[in-house]
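This report examines a few local features of one protein model. Please consult the sequence and the structure shown below while reading.

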Amino acid sequence: MDFDWEELTPAQRARHYADWHAGKGLIGGDPRRRPNSEILPSWAMDRRFVRALALDDPRVVNGERFRKGIASARPLEIEIGFGRGDFLQDRSTRIPERLFVGFEVRTKAVRLALRRLENQGLENLWLSDDDARVGLQLAIPERRVDAVHVLFPDPWWKAQHKVRRLFSPPFVDLLASKVQPGGYLHLKTDVEQYGELVRHLLSGHPVFCDHNPELADRVGPYRPTHREHWCLENGMPVWSFYFSRRDEV
Ligand SMILES: C[S@@+](CC[C@H](N)C(=O)[O-])C[C@H]1O[C@@H](n2cnc3c(N)ncnc32)[C@H](O)[C@@H]1O
């Protein structure tokens, strides 16, 4: 199937911003319209799990502990759509001095990953089932993030599903506001044209530099995600991109 994208006209760009402000395309719908979104489910209580809208849930310590971690001086890395969590688990073990937050909209996958991480006793990692567009916006301060990893984002092939694609002009604005000067976005995809779309959006943004393969050194050794592992096993190509944030704009 072809991955369809094109340079946006001003009207199409405006449409992206209108959809964004209306909460369209959020996976699972807009949590601000969901009942009980300001309280955590009982299974999540006092664990390393957060939801942006439930950070002030007074019955649990999750929000307070999360905020304390975020307010610390530890460099922060985010993974969006961590799936089984192989990359995140490996990275947070490998670099214990850094703090990690993983967003994954599939609650069941988050619960499984949470259990695995707890068995390992990791204390530098938080998981969330928020759509990253909401989680980043509401739970992460401006210019706090050193690295954002987006590994094999869902392509959303069909025309009627395009609104769910993670990368859009307002999402790139959000990244620009959360990534600190000198920080970077790390993208991997097995859909070549998705890589080209992201490159187009990032390099066209005043805050980001064009793809620089040398930034792969900042990621260093890593455990491939489930999807990357599958691609490697099946001889499927993978495209990697690294975009650093300019110092000041
Ligand atoms: C193709 S899978 C890749 C999973 C994993 N990164 C890997 O490489 O194996 C994309 C993942 O992103 C998650 N996802 C999609 N949109 C998301 C969003 N807006 N916020 C957080 N997670 C998202 C999906 O639930 C899915 O698990």
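At roughly what angle do the axes of helix α1 and helix α6 cross?

## Basis of the report

The model is predicted; local features need pLDDT of at least 70, side-chain atom pairs count only at pLDDT 80 or more, and totals for chains, interfaces and linings use all residues. Residues are numbered from 1 along each chain as its sequence is written, and side-chain values use heavy atoms, with hydrogens and water left out.

## Helices α1 and α6

The axes of α1 (residues 10-21) and α6 (residues 169-178) cross at roughly 70° and come within 8 Å. Axes are lines fitted to C-alpha atoms, for helices over the stretch in contact, and angles run from 0 to 180 degrees between N-to-C directions. Helix α1 is therefore roughly perpendicular to α6 (65 to 115 degrees).

In this contact (heavy atoms within 4.5 Å), α1 contributes R13, H16, Y17 and W20, while α6 contributes P169, P170, F171, D173 and L174.

## Residue F49

F49 lies in strand β1 (residues 49-50); strands are DSSP runs (E, at least two residues) and helices likewise (H or I, at least four), numbered from the N terminus. The relative accessible area of F49 is 0%, so F49 is buried (under 20%, with a 1.4 Å probe and protein chains only).

The C-alpha atoms of F49 and S128 are 5.6 Å apart, although 79 residues separate the two along the chain.

## Residue D146

D146 belongs to strand β5 (residues 145-151) and is buried, with a relative accessible area of 8%. Its side chain forms a polar contact of 3.2 Å with that of Q180 and one of 3.4 Å with that of R218. A polar contact is a pair of N or O atoms within 3.5 Å; within protein, one must be able to donate a hydrogen and the other to accept it, and residues adjacent in sequence count only if both atoms are side-chain atoms.

Terms used: Buried < 20%, exposed > 50% of the residue type's maximum accessible area, 1.4 Å probe, protein only. Parallel < 35°, antiparallel > 145°, perpendicular 65-115°, else oblique.
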